[in-house]
Amino acid sequence: MRAVELDRLLTLIGSGFDLDPAGRRTLEMLPSAHRPGTLEVAARHGVTRLSAGVQSTETRLLDRVGRAPDFAPLARMMDEARRWGIEDVNVDLAWLLPGDTEDLFFRSLASVLDLRPTTVSVHLLAPTPLNPVFGSPEE
């Protein structure tokens, strides 16, 4: 989403809801979708927390689930967030992506922790009939 589009969206949300000025506002964004100026706009609209859905730093795991690698742009996105006063940065990781191992997961976690996020959320990937990640329930 471009900065101008985010500005319109956040303006619409702000005018349509009675938001607590002291309330926490989170923007969730894929690092690969980050565009220049978006975090400046977010900060002007009161966003105080950024959540980045990285899932893994292992490209081959991300390829298997149809996700673009997001680790390389993560550091730039986190730096920009902090530059605009968004200090609370969360990174999402997924456990049990197809082909994942304990070693690969902990390598991803170590790489993310090197960037010093405020929090890391770990989500368990579980197969469901509607989850396109798995071709069959046995996978």
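Predicted model: local features only at pLDDT ≥ 70, side-chain atom pairs only at ≥ 80, totals over all residues.
Residues are numbered from 1 along each chain as its sequence is written, and side-chain values use heavy atoms, leaving out hydrogens and water.

β1 and β2 pair in the parallel sense over four bridges (two strands pair if DSSP finds at least two bridges between them). Look for L27 opposite L50, and for M29 with its bridge partner A52.

Stay on β2 for a moment. Which way do its residues point? R49, S51, G53 and Q55 point one way and L50, A52 and V54 the other, and all are buried. Seven of the seven residues of β2 are buried, so this strand is largely enclosed by the rest of the structure.

Now show helix α2, residues 38-44. Together, β1, α2 and β2 make a right-handed β-α-β unit. To check the hand, point the strands away from you: in a right-handed crossover, the path from the first strand over the helix to the second runs clockwise.

Then bring in strand β3, residues 88-95, which pairs with β2 in the parallel sense over six bridges. S51 has N90 as its bridge partner in β3.

Show the whole sheet next. It is an open sheet of four strands in the order β1-β2-β3-β4, with parallel pairing. β1 and β4 (119-124) stand at the edges with a single partner strand each, so one side of each has no neighbour in the sheet. From one strand to the next, the twist averages 25°. Helix α5, residues 102-113, packs on the sheet and touches β3 and β4, and its direction makes about 170° with that of β3. Axes are lines fitted to C-alpha atoms, for helices over the stretch in contact, and angles run from 0 to 180 degrees between N-to-C directions; contact means heavy atoms within 4.5 Å.

Which of its residues are buried? They are A3, L6 and L10. Seen down the axis of α1, the buried residues fall within an arc of 60°, so they line one face of the helix; the arc is that of the directions from the helix axis to the C-beta atoms. These buried residues pack against β1 and α2. Turned away from the buried side is a face with the exposed residues R8, L12, S15 and G16.

Finally, zoom out. The chain has five helices and four strands, running α-β-α-β-α-α-β-α-β from the N terminus. Of its 139 residues, 39% count as buried.

Terms used: Helix = DSSP H or I, 4+ residues; strand = E, 2+ residues; numbered from the N terminus. Buried < 20%, exposed > 50% of the residue type's maximum accessible area, 1.4 Å probe, protein only.
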